[in-house]
Amino acid sequence: MRRALLVLALAAAPVAVSAQSSQFGVRGLGMPGRPIGARAFGSGGAFAMFDPQSGLTPAALGGLAALTAGFAALQDFRHVENPGGSQSLRETRFPHLSVAGPIGSRPGVVGVSFSNYTSRDFTLASADTIPLRGVPVPVTDTFASRGGLSDLRAAGAYRFKDVWIVGGAFHVITGSARLSSRRSFGDAAYQAARQRSELSYTGVGVSLGVVRNFGKALSVAATVRSDGHVNVDRDSARVGRIDLPYTFGLGVRWRARPGLELASQAVMKTWSAANSDFLAQGGTGADNTVEVAFGGEYTPDPQRPGRRPIRFGARYGTLPFLLVPGEQPHELGVSIGTGIRFAKDRAGIDLGLEHVWRSAGEFSERAFLFNVGVTVRP
Amino acid sequence: MRARLRLGWQWAGGIAVLGAAMTACQERLTSPAECPELCPGGSAQVFDTTVIALQDRDSSFTGYVDRGAGPALLVSNGFTASDDRAVYRFAPRGDSITVRDTLRAYTVDSAVIGLTLVARDTNVNGLKVYLYRLPPTVDSTVSFDVVDPLLADPALIDSIAVPDSVNGGALQTVLRGADVDRLGLPVGGDSVLAIGLRIAAEAPTGVRVGSIAGGTAATFTTYVTVDVPDTGLVRNQSLNRASVFNTFVTRDPPQPSDSLLTVGGEPSSRAIIRFELSDAFLDSATIVRATLELVPTQPIVSLPTDPAILETRAVLGDIGAKSPLTTQPALVQQDTLPALQTDTVRVELTRVVQAWQASRVAPQSVFMLLRPEAASFTRAVFGSTRSPAVGAPRLRITYQRAFPFETP
């Protein structure tokens with residue numbers, strides 16, 4: 001009973017879920033999120049295809065031996081540069097929350113997770129001088145958005161003799177973006193003008209995944225996901241729909257020797273499916289993305305794998321929403337991490353730090369992302 | 001025991017790291033924007049439009065505050081705005097007072113006439129106020145042509161030289177001995193003192209003096225001695241007489257014209273101006289500035305350093321001259337008129353027009369008045385919709401259309 005209450009309390013925790021924001025999330029649907037737990041974060045996401053607390057593939061849930069709840073908090077320290085200027089920013093987010101556990105004594109696992117799909121949190125400021133009533137008047141424009149799309153997933157996985165794990169999930173993609181435009185004038189005779197609008201999104205998707213264990217040293221995982229489309233309402237009126245991408249992922253995990261695991265994965269998303277929708281609505285379009293990650297986890301004491309492992313990784317990927325037509329943004333990240341388990345492995349904290357470089361033409365940014373994950377096994 | 005302590009430290013450390021990560025860093029989200037790349041939807045566009053007042057629906061109404069009923073009286077000497085003389089009449093002073101239950105005659109030792117200087121042009125030196133005796137029958141029917149000839153040497157009571165450093169406050173003149181006779185109050189019977197004021201200065205100028213409505217009217221005090229026979233007793237008393245009537249008269253006072261909008265003057269005039277902004281406009285525009293523009297028919301002259309206030313109020317219910325006006329400070333606009341206004345008068349009405357957007361029931365009308373009413377040298381006369389040669393009142397509105405938020 002106490003376990004159930006704790007799980008319910010965690011699931012009902014009122015957290016805002018979104019990934020780190022970026023100037024590369026200003027256009028389109030926003031900055032795509034990475035549904036990965038804090039443990040996978042420290043290795044550049046390379047272990048996400050095998051991490052039960054990540055949301056990349058439902059088959060990964062099969063690795064869970066007990067009811068587990070986890071959430072991650074992400075602190076973003078970012079420096080943005082573009083032709084309009086440069087600025088240092090910071091932001092706190094909660095990118096992933098998951099609860100999952102085995103079904104009795106059967107080799108099946110079910111769970112729910114709540115993660116960020118895209119983030120549209122940003123505030124942009126610009127200054128200009130415009131003629132008003134024949135007089136040049138300085139103006140300051142601020143355009144802000146808060147919100148994004150979230151991915152609510154109900155997933156299940158089944159183990160076949162610890163060799164095959166197959167999983168499936170149903171996704172509800174929903175969210176909103178509260179937009180506001182504010183213009184203030186250098187001449188006090190003009191009153192600042194503020195206008196607001198709210199966009200809301202709804203869509204559903206399904207995903208399938210499989211993990212094949214070749215002994216204890218080698219595992220391969222694959223996943224495919226279809227998100228269909230999202231309907232877009234502006235201020236409660238339907239304004240259109242946007243096709244969402246198919247996702248294809250492939251990962252491999254290799255235990256090089258006791259205490260050292262290496263992993264790699266590649267994920268492709270067909271965001272170009274949404275290109276025509278964005279262009280039709282006056283946007284700048286979208287392009288397919290690929291992300292490749294490589295990482296490892298070194299455990300100083302293989303008998304106690306939860307005691308301060310050392311994680312490391314790197315990733316490179318492209319971003320879907322273009323700022324400049326024909327110039328696709330891309331990012332490179334290197335990360336390290338560690339963690340600790342305590343209370344007889346019933347609780348744990350994982351820490352990860354990633355340095356990310358993103359750029360597209362004259363637009364660039366670099367960021368330190370600090371991830372803290374908490375895991376509880378009631 | 002040691003293991004439990006260590007476990008506790010680990011928990012505390014974990015919670016501290018988590019708490020630091022989540023709360024120690026204040027969010028900072030604003031970054032520079034470069035358009036069009038980082039301007040989804042584009043930039044806000046600002047437009048300008050001019051709306052003329054409804055034809056023949058702008059009017060002046062006269063008679064709100066009568067001449068002399070304002071908070072001050074006008075006195076001037078050839079001032080450009082107007083040439084004025086002030087008049088006070090005091091309460092009657094009897095020829096005897098009661099001492100030991102008996103009415104007894106008295107002898108006047110001295111008298112004091114007090115005035116209040118409300119405002120003057122501090123740039124003009126050598127101000128001198130002259131007090132003249134007027135017939136005790138003076139009343140509201142008197143005109144400049146009647147009063148001005150009476151303000152001559154034979155009726156002069158006294159003059160008060162106002163130091164150049166004095167900008168306002170109490171003035172008084174004291175009459176003693178034979179000078180008391182200048183008051184011209186007859187012996188025997190009730191006597192009424194009425195006085196008229198004119199001024200002189202180094203240059204044509206004007207002053208505003210106190211009035212009954214302002215609680216600062218002139219006062220008349222007599223210091224008397226009562227001789228009580230057979231007792232050897234002498235009583236010294238003072239008799240205070242307040243003003244019971246005051247007014248001022250103006251040479252050739254202008255009359256409001258039906259084809260123009262008059263604001264101010266005596267009796268005071270107010271103007272109502274009506275507009276009709278379309279629902280389509282009010283629905284879709286974000287108003288950033290609305291300015292009422294009024295074209296004066298002639299330069300508006302005010303007393304330098306004593307400006308008048310042009311007050312514009314939103315109308316709550318349009319029933320003409322007696323329309324109830326708003327008391328919300330945000331919907332009341334007060335503008336100080338300069339000493340000489342020759343250009344178009346512009347009144348900012350952004351809040352008022354925004355209120356019209358918020359409630360379509362509210363009449364799209366404004367009332368204009370001049371403060372202090374009936375107590376200022378300023379008189380504003382503007383063109384109306386019936387005087388196209390001058391220019392009708394118009395509302396100049398700067399607005400933004402709905403921002404074209406990009407979808408998604």
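Student: What is the mean pLDDT of chain A, and what share of its residues reach 70 or more?

Tutor: pLDDT is the predictor's confidence in each residue, from 0 to 100. For chain A the mean is 90, and 95% of its residues reach 70 or more. This is a predicted model: local features need pLDDT of at least 70, side-chain atom pairs count only at pLDDT 80 or more, and totals for chains, interfaces and linings use all residues. Residues are numbered from 1 along each chain as its sequence is written, while chains are lettered from A and ligands numbered from 1 in the order in which they are written.

Student: Where in chain A does pLDDT stay under 50?

Tutor: Where pLDDT is low, the predicted coordinates should not be read in detail. In chain A, that stretch is residues 1–20.

Student: Which residues touch the most other members of the largest nonpolar core?

Tutor: Nonpolar side chains tend to be buried together in soluble globular proteins. A nonpolar core is a set of buried Ala, Val, Leu, Ile, Met, Phe, Trp, Tyr and Cys residues joined through C-beta atoms within 7 Å. Buried means that 20 or more other C-beta atoms lie within 10 Å of the residue's own, with C-beta atoms placed from the backbone. Here the largest core has 131 residues, and B:Val75, B:Ala86, B:Val87, B:Ile195, B:Val209 and B:Val366 touch the most other members. Strand 7 (residues 102–120) of chain B gives the largest share, six residues. Helices (H or I, at least four residues) and strands (E, at least two) are DSSP runs, numbered from the N terminus.

Student: Which residues of helix 4 of chain B are buried?

Tutor: B:Val352, B:Val353 and B:Trp356. They span an arc of only 95° around the axis, so they sit on the same side of helix 4 of chain B. The arc is that of the directions from the helix axis to the C-beta atoms.

Student: What is the strand order in the open sheet of four strands in chain B?

Tutor: Two strands pair if DSSP finds at least two bridges between them. The order is 2-25-17-22, with antiparallel pairing. Strand 2 (46–52) and strand 22 (345–348) of chain B each have a single partner strand, so one side of each is left without a neighbour in the sheet. Seven bridges join strand 2 to strand 25 of chain B. In one of the pairs, B:Thr49 has B:Ile397 as its bridge partner.

Student: How many residues of chain B are in contact with chain A?

Tutor: Contact means that C-beta atoms, placed from the backbone, lie within 7 Å. By that rule, 38 residues of chain B meet 57 residues of chain A. Helix 1 of chain B gives the most to its side, seven residues.

Key: Contact = placed C-beta atoms within 7 Å. Buried ≥ 20, exposed ≤ 12 C-beta atoms within 10 Å, placed from the backbone.
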